[in-house]
Amino acid sequence: MNSPSNTWLRRLSKLTVFSTLFLIFAGALVKSHEVGLSVPDWPTTYGKQMFAFPLSDMVGGIFYEHGHRMIATIVGLFTMIQAIWLGFSNYPYWLKKLGYGALAMVIIQGLFGGITVLFFLPPPVSIIHGILAQTFFIMTIIIAYS
């Protein structure tokens with residue numbers, strides 16, 4: 001199980017864990033600064049595709065909320081690559097299933113984040129968004145350290 005491919009998969013998995021921790025921290029900054037609707041549209045940012053939004057316009061609350069969205073997109077990409085890579089690896093079947101479960105979880109998490117914006121921060125949706133974040137984080141830890 002210690003092939004070069006598996007070594008790089010483990011590194012990606014650990015990068016996903018630390019990126020997720022950073023994402024949760026960024027989400028906490030959005031909440032603690034009360035800037036959850038600084039970017040009032042979703043999935044775009046003021047009508048622009050997320051990575052086309054000018055960095056010079058990322059000021060005030062927009063910096064926190066848009067930054068959180070950008071980090072979330074990167075975590076989602078890492079998770080997708082990890083799930084596909086796990087699927088083709090020689091790791092146990094349960095770990096492959098957990099990888100696909102983590103991918104589903106991060107997609108659902110992103111949708112709840114978007115719903116939070118579209119429906120103007122309803123507490124139940126925001127709470128689910130937060131709970132799913134922590135659940136996803138635990139899943140990434142299990143994948144990385146199994």
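Gly 99 is in contact (heavy atoms within 4.5 Å) with Ala 83, Leu 86 and Ile 143, leaving aside its neighbours within four places in sequence. Gly 99 belongs to helix 3, residues 93–118. This is a predicted model, in which local features need pLDDT of at least 70, side-chain atom pairs count only at pLDDT 80 or more, and totals for chains, interfaces and linings use all residues. Residues are numbered from 1 along each chain as its sequence is written, and side-chain values use heavy atoms, with hydrogens and water left out.

**Gly 99**

- Gly 99 counts as buried because its relative accessibility is 0%; buried means under 20% relative accessible area, exposed over 50%, and partly exposed in between, with a 1.4 Å probe and protein chains only.
- From Gly 99 to Ser 32 the C-alpha to C-alpha distance is 31 Å, at a separation of 67 residues in sequence.
- Helices here are DSSP runs of H or I with at least four residues, numbered from the N terminus.

**Helix 2 with helix 4**

- Helix 2 (residues 61–87) packs against helix 4 (residues 123–144) at an angle of about 40 degrees, and their axes are 13 Å apart.
- Axes are lines fitted to C-alpha atoms, for helices over the stretch in contact, and angles run from 0 to 180 degrees between N-to-C directions.
- Helix 2 is therefore oblique to helix 4; angles under 35 degrees count as roughly parallel, over 145 as roughly antiparallel, 65 to 115 as roughly perpendicular and the rest as oblique.
- The crossing of these two helices is left-handed, a term for a near helix turned anticlockwise from the far one by less than a right angle.
- Helix 2 contributes His 68, Val 75, Thr 79, Gln 82 and Leu 86 to the contact, and helix 4 contributes His 129, Phe 136 and Ile 143.
- By class, this contact of helix 2 with helix 4 holds four nonpolar, four polar and no charged residues; Ala, Val, Leu, Ile, Met, Phe, Trp, Tyr, Cys and Pro count as nonpolar, Asp, Glu, Lys and Arg as charged, and the others, Gly among them, as polar.

**Helix 1 with helix 4**

- Helix 1 (residues 4–32) and helix 4 pack at about 160 degrees, with 9 Å between their axes.
- The two are therefore roughly antiparallel to each other.
- Helix 1 and helix 4 have a left-handed crossing.
- On the helix 1 side the contact includes Arg 10, Lys 14, Val 17, Leu 21 and Ile 24, and on the helix 4 side it includes Phe 136, Phe 137, Ile 141 and Ile 143.
- The residues of this contact of helix 1 with helix 4 are nine nonpolar, four polar and two charged.

**Arg 69**

- Arg 69 lies in helix 2 and counts as buried, at 10% relative accessibility.
- Beyond its neighbours within four places in sequence, Arg 69 is in contact with residues including Asp 41, Trp 42, Met 50 and Val 117.

**Aromatic pairs**

- The whole structure has two aromatic pairs; rings of Phe, Tyr and Trp (its six-membered ring) pair if their centres lie within 6.5 Å, and planes under 30 degrees apart count as stacked, over 60 as edge-to-face and the rest as tilted.
- Tyr 46 and Phe 53 are stacked, 6.1 Å centre to centre with 25 degrees between the planes.
- Tyr 46 is partly exposed at 41% relative accessible area, whereas Phe 53 is buried at 8% relative accessibility.
- Phe 63 and Tyr 64 are edge-to-face, 5.4 Å centre to centre with 75 degrees between the planes.
- Phe 63 is partly exposed at 47% relative accessibility, and Tyr 64 is partly exposed at 25%.
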